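Please examine the sequence and the three-dimensional model together.

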Amino acid sequence: MSDKTKIIILKSVIAISAFFGVLIFVIPFLAAIFCDQSEYDSMPSHMPFPEPFNSIWIANWIICAVLCILLVTLMSTMKLENKPKPYKYPLGFPDFSSLETFITDAVTKNAYARQADTFFEPDGKTTLFIKSAGLWKIDCIALIRTKELTNEVLENANDSITEALYKYYGKEKITDTVSMISIICVDRITPAFQKLMNSNVEQGIKNFRLPTGISFGGKQIYIPRQDDGFAIAKYKKLRKEFMKIMNLTKDQCINPPESRKKKNK
């Protein structure tokens, strides 16, 4: 069973569980309304209910218990399996120097302007490229170089991007819409790198993002997925832009989605 099917089933079970859960509290009031008020004037706080309300109420409790068990089972399996796998492409560059030259040439041809490099601890560097995308909008490419990615390094790298944007605008309050593709280049894959690449991409209201990864040790390019959620169209546009910059095609994908695999058979 695919994760998408599990999500549909999960949402359905939640909706049905909520319905029957509400009935647990509604049935006693219905019993009080439709039965002899003089005999059941203490309803719904006392039992037993008159038939058929008593049987319906008990059956409703049983259904709720079964649905809760099913809900817990689904959620426990999805925690283990519902992790979006990133798109992977082979890396055709032997080192960062050749990659940096290629990306600089590619984005410059697409009207991106290179900003001053920003350095962060330990031994990290961020090169930011910016172009205007219309009124109060900018597109950005952040080329980030670090030997290993840790949570601390990732935070420092994000701060370096913010610092570069502050320098570009000359102020610390940014009101423009910013679309950011960050390219994190590492020598070795670490747990923090894996977590970032295997996380579902989330978009902001005026800040759109696509974090990508490049491992020189594994010789692969990683593009995290966004299967659903807010601004999915913007995510697809950023992914298309990144693939254009890196000169990647869908046929080069090492792990294409199941739908594409079936079409190719």
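The model is predicted. Its secondary structure consists of seven helices and eight strands. Of the 265 residues in the protein, 41% count as buried. Among contacts between residues at least 6 apart in sequence, 68% join residues at least 24 apart.

In soluble globular proteins, nonpolar side chains tend to be buried together. Here the largest nonpolar core comprises 32 residues, and those with the most contacts inside it are Leu 99, Ile 183, Ile 214, Phe 242 and Met 246. Two or more residues of this core come from each of several elements, including strand S1 (87-90), helix H3 (96-109), strand S5 (137-145) and helix H6 (232-245). A second, separate core contains 21 residues, among them Val 153, Leu 165, Met 180 and Tyr 222.

Two residues show how parts of the chain come together. Beyond its neighbours up to four places away in sequence, Met 246 touches Phe 93, Leu 99, Phe 102, Ile 103, Ile 214 and Ile 221. Leu 210 lies in strand S7. With a relative accessible area of 0%, Leu 210 counts as buried because this value is under 20%. Not counting residues up to four places away in sequence, the contacts of Leu 210 include Met 180, Ile 223, Tyr 235, Leu 238 and Phe 242. Leu 210 and Phe 242 are 32 residues apart in sequence, yet their C-alpha atoms are 8.8 Å apart in space.

Most residues other than glycine have a negative phi, and most peptide bonds are trans. The peptide bond from Glu 121 to Pro 122, however, is cis, with omega near -10 degrees. Pro 122 belongs to the loop between strand S3 (118-120) and strand S4 (124-134). Lys 219 is not a glycine but has a positive phi of about 55 degrees; its place is in the loop between S7 and S8. Asn 247, also not a glycine, has a positive phi of about 60 degrees, and this residue is found in the loop between H6 and helix H7 (258-264). Lys 219 is partly exposed at 38% relative accessibility, whereas Asn 247 is exposed at 58%.

The count of salt bridges comes to seven. One of them joins the side chains of Glu 100 and Arg 114, at 3.6 Å from N to O. This pair links distant parts of the chain, with Glu 100 in helix H3 and Arg 114 in strand S2 (residues 113-114), 14 residues apart. Glu 100 is buried at 15% relative accessibility, while Arg 114 is partly exposed at 42%. Arg 114 is also in contact with Thr 104, a buried residue with a relative accessible area of 16% that lies in helix H3.

Another salt bridge connects Arg 145 and Asp 187, whose closest N and O atoms are 2.9 Å apart. It links strand S5 with the loop between S6 and helix H5 (191-197), across 42 residues of sequence. By contrast, Glu 163 and Lys 167, whose closest N and O atoms are 3.5 Å apart in their salt bridge, both lie in helix H4 (residues 151-169), about one turn of the helix apart. Finally, salt bridges that share partners join Glu 100, Arg 114, Asp 117 and Lys 125 into one network.

How values were computed
Residues are numbered from 1 along each chain as its sequence is written. This is a predicted model: local features need pLDDT of at least 70, side-chain atom pairs count only at pLDDT 80 or more; totals for chains, interfaces and linings use all residues. Side-chain values use heavy atoms; hydrogens and water are left out. Helices (H or I, at least four residues) and strands (E, at least two) are DSSP runs, numbered from the N terminus. Buried means under 20% relative accessible area, exposed over 50%, partly exposed in between (1.4 Å probe, protein chains only). Contact means heavy atoms within 4.5 Å. A nonpolar core is a set of buried Ala, Val, Leu, Ile, Met, Phe, Trp, Tyr and Cys residues joined through side-chain atoms within 4.5 Å. A salt bridge is a side-chain nitrogen of Lys or Arg within 4 Å of a carboxyl oxygen of Asp or Glu.
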